[in-house]
Amino acid sequence: MKKLCLMASILPLFGFINTDDTASQKPEKQSYTEIYEQVPSPAIKRAGNSAINHTHVINHPPKKDSKMLDVVLIKQNPELKYGCEVTSLAMVLNYAGVNTDKMDLYRSIQKDPDPIRRAGNGDILNWGNPADGFVGDMTGRTPGYAVFDKPMEVLVNQKLPGRAINLTNQPFERVLEHVSAGYPVVVWTTGDYRLPDRWEAWNHGQELIKTPLDLHAVVLVGYDTDYVYLNDPLSAKKQVRVDKEQFIESWKALQSRAISYK
């Protein structure tokens, strides 16, 4: 099993991290539903899936045609092999003027304590729910996985009380409006900013968690007509240019998760 920003300790790392600053080829025309249904299982509840978030609706000035924010780049390695989410959030909070770092956020983020339990063949039988907290060990000393938007929202409010903005399940245009207004956004995608193609499922209490392993979190720092620009904590590249249509496909496949502040 492998989360691209973290799972090398579970399976050998697949060689699909971008080494170029441009990731502009168009994605293959295969829908997320088609990919999702390639992993058959009955009565699955998707991890962290929720209704459209209407809590944080803010009015911004008209969106500019392009925008670029000079957000400091922070690398997740070597301390946080599995820590793309909190490292991305450290970039965002530093831009907001908060005195914090990735290790502070690593210690502060809510954790799901359920241990990993495997079958004899190595398949994961039971583990935590990333919608509840970080699953596993973020440092990489033992297996780890990911955390989704709600625990990240709680963490933003710890550092910026009352100022967290959860843009999850909002149209991508709303996310771009937020960047246009001057706020970087943590967004969930995949390691190569394409549709996910590596899936795993495990039990968590009465739930069956089904989630892509090649997920990744980055900071959306800019956009123009054709591209978005990302600070990537794993590749350690700043303002990586990615085809906008391609990125939106991957972002939607990760259930349109996005966290920022106001």
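Tutor: Keep in mind that the model is predicted. Why "partly exposed"? Because buried means under 20% and exposed means over 50%, and the class in between is partly exposed.

Now look for the partner of Lys-159. A salt bridge joins Lys-159 to Asp-104, with 2.7 Å between the closest N and O atoms. Asp-104 belongs to helix 3 and Lys-159 to helix 4, so this pair ties together parts that are 55 residues apart in sequence.

Stay with helix 4. Other residues of this helix are hidden: Asp-149, Pro-151, Met-152, Glu-153, Leu-155 and Val-156 are buried. What covers them? The cover includes helix 2 (84–95), helix 3 (102–108), strand 7 (164–166), strand 8 and strand 14.

Pick strand 8 from that list. It runs over residues 185–190, and six of its six residues are buried, so the strand is largely enclosed by the rest of the structure. Follow its side chains. Val-185, Val-187 and Thr-189 point one way. Val-186, Trp-188 and Thr-190 point the other way.

Next, check the neighbours of strand 8. Strand 11 (residues 215–223) pairs with strand 8 in the antiparallel sense, over six bridges. There, Thr-189 stands opposite His-216. Strand 14 (residues 258–261) is also an antiparallel partner of strand 8, over two bridges. Here Val-187 has Ala-258 as its bridge partner.

Now go to the other end of helix 4 and look at rings. The structure holds five aromatic pairs. In one of them, Tyr-145 and Trp-202 have ring centres 5.5 Å apart and planes at 85°, so the pair is edge-to-face. Tyr-145 lies in the loop between strand 6 (134–135) and helix 4 (149–159), while Trp-202 is in strand 9 (residues 199–204), so the pair ties together parts 57 residues apart in sequence. Tyr-145 is buried, at 0% relative accessibility. Trp-202 is buried too, at 1%.

A second pair is tilted: Phe-172 and Phe-247 are 5.9 Å centre to centre, with 55° between the planes. Phe-172 sits in helix 5 (residues 172–180) and Phe-247 in helix 6 (residues 244–253), so this link spans distant parts of the chain, 75 residues apart. Phe-172 is buried at 6% relative accessibility, and Phe-247 is buried at 0%.

Return to Tyr-145 for a moment. Ring pairs link Trp-127, Tyr-145 and Trp-202 into a cluster. Rings can also meet charges. The charged end of Arg-257 sits over the ring of Phe-148, 3.6 Å from the ring centre. Likewise, the charged end of Lys-111 sits over the ring of Tyr-106, at 5.5 Å from the centre.

Finish where we began, with salt bridges. How many are there? The count comes to eight. One of them joins Glu-173 and Lys-63, at 3.4 Å from N to O. Glu-173 is in helix 5 and Lys-63 in the loop between helix 1 (32–36) and strand 2 (67–68), so the pair ties together parts 110 residues apart in sequence. Glu-173 is partly exposed at 40% relative accessibility, and Lys-63 is partly exposed at 27%. Another salt bridge joins Asp-197 and Arg-198, at 2.6 Å from N to O.

Technical notes. Residues are numbered from 1 along each chain as its sequence is written. This is a predicted model: local features need pLDDT of at least 70, side-chain atom pairs count only at pLDDT 80 or more; totals for chains, interfaces and linings use all residues. Side-chain values use heavy atoms; hydrogens and water are left out. Buried means under 20% relative accessible area, exposed over 50%, partly exposed in between (1.4 Å probe, protein chains only). Helices (H or I, at least four residues) and strands (E, at least two) are DSSP runs, numbered from the N terminus. Two strands pair if DSSP finds at least two bridges between them. Rings of Phe, Tyr and Trp (its six-membered ring) pair if their centres lie within 6.5 Å; planes under 30 degrees apart count as stacked, over 60 as edge-to-face and the rest as tilted. A charge sits over a ring if NZ of Lys or CZ of Arg is within 6 Å of the ring centre and within 35 degrees of the ring normal. Contact means heavy atoms within 4.5 Å. A salt bridge is a side-chain nitrogen of Lys or Arg within 4 Å of a carboxyl oxygen of Asp or Glu.
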